[in-house]
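I opened my notebook to record, step by step, what I looked up in one structure. The entries are meant for someone who is still learning to read such models.

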Amino acid sequence: MTTDNTPLFSAHEQALQHQSCPQCDADLVMRFGKHGPFLGCGHYPECDYIQPLKQNDGHIVKQLDMPCPECAQPLVLRQGRYGMFIGCSTYPECNYLASPEKKSQSTHIDCPECHQGHLVERQSRYGKLFYACDKFPQCRFAVNNKPVVGVCQQCGFGLLLEKKLVSGIKLQCADRKCNAYQDAEK
């Protein structure tokens with residue numbers, strides 16, 4: 001057992017090439033934040049320069065057998081900072097980008113709140129589907145269940161929701177104040 005008083009991670013920091021801060025020429029030191037390690041200026045409160053250790057530069061995941069519509073070079077599937085995307089293999093010469101995710105589909109149901117927009121199917125950042133007005137942010141109407149054209153039998157609200165229950169599929173008023181279940185035969 002050694003009684004060495006050297007810090008545990010000094011060897012890791014020594015492996016980094018010493019770089020100087022482009023703002024004040026002080027040494028950059030490794031710091032740890034809530035998103036992981038990064039390089040920061042040694043004169044921190046006076047100088048606030050930071051530099052990430054890893055770059056999300058869009059590394060190639062898979063080569064696709066499709067030509068780029070702009071330059072006819074092959075397209076590639078890349079993993080970037082904000083998820084997967086399709087781009088040209090000759091980037092940065094060709095800046096073609098496409099998203100592999102499907103576009104939001106319109107339901108052709110008028111928004112019951114603003115009466116100007118239509119409800120469209122969207123996906124939350126966690127992958128759940130919801131339906132919202134396409135006039136966002138002017139209209140913030142959104143529901144989690146599939147909308148159905150109809151009128152509430154209790155309050156007269158102009159939209160019903162298809163709700164899946166243990167007893168089967170029921171229609172429910174989309175108004176948050178009412179939420180009454182409807183008779184299916186009427």
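The entries below go from the whole chain to single residues.

**Ground rules.** I noted that this is a predicted model, in which local features need pLDDT of at least 70 and side-chain atom pairs count only at pLDDT 80 or more, while totals for chains, interfaces and linings use all residues. I also noted that residues are numbered from 1 along each chain as its sequence is written, and that side-chain values use heavy atoms, with hydrogens and water left out.

**Confidence.** I looked up pLDDT, the predictor's confidence in each residue, from 0 to 100, and found a chain mean of 80, with 81% of the residues at 70 or more.

**Whole chain.** I found one helix and 14 strands; these are DSSP runs, helices being H or I with at least four residues and strands E with at least two, numbered from the N terminus. Of the 186 residues, 24% are buried, where buried means under 20% relative accessible area, exposed over 50%, and partly exposed in between, for a 1.4 Å probe and protein chains only. Taking a contact as heavy atoms within 4.5 Å, I read that, among contacts between residues at least 6 apart in sequence, 14% join residues at least 24 apart.

**Cysteines.** How many disulfides does a search of the whole structure find? The search finds zero, a disulfide being a pair of cysteine sulfur atoms within 2.5 Å. The sulfur of Cys21 has its closest cysteine sulfur in Cys47, but the two are 3.6 Å apart, which is too far for a bond. Cys155 is likewise in no disulfide, as the nearest cysteine sulfur, that of Cys173, is 3.6 Å away. Cys21 is buried, with a relative accessible area of 0%, whereas Cys155 is partly exposed at 40%.

**Nonpolar core.** I next looked for nonpolar cores, meaning sets of buried Ala, Val, Leu, Ile, Met, Phe, Trp, Tyr and Cys residues joined through side-chain atoms within 4.5 Å. The largest has 15 residues, of which Cys111, Leu119, Phe141, Phe157 and Leu159 touch the most other members. Strand S10 (129-133) and strand S13 (160-165) each supply at least two residues of this core. Leaving aside residues up to four places away in sequence, I listed what Phe157 touches, including Pro112, Phe141, Val151 and Cys173. In soluble globular proteins, nonpolar side chains tend to be buried together.

**A buried arginine.** Arg78 sits in strand S5 (residues 74-80) and counts as buried at 12% relative accessibility. A polar atom of the Arg78 side chain lies 3.4 Å from the backbone oxygen of Cys88.

**Backbone angles.** I kept in mind that most residues other than glycine have a negative phi, and most peptide bonds are trans. Which form does the peptide bond from Phe136 to Pro137 take, cis or trans? The bond is cis, with omega near 10°, and Pro137 lies in the loop between S10 and strand S11 (142-143). Asp25 has a positive phi, near 65°; it lies in the loop between helix H1 (10-15) and strand S1 (28-33) and is exposed at 61% relative accessibility. Asn179 also has a positive phi, near 55°; this residue belongs to the segment after strand S14 (168-173) and is partly exposed at 36% relative accessibility.

Definitions and conventions:
A polar contact is a pair of N or O atoms within 3.5 Å; within protein, one must be able to donate a hydrogen and the other to accept it, and residues adjacent in sequence count only if both atoms are side-chain atoms.
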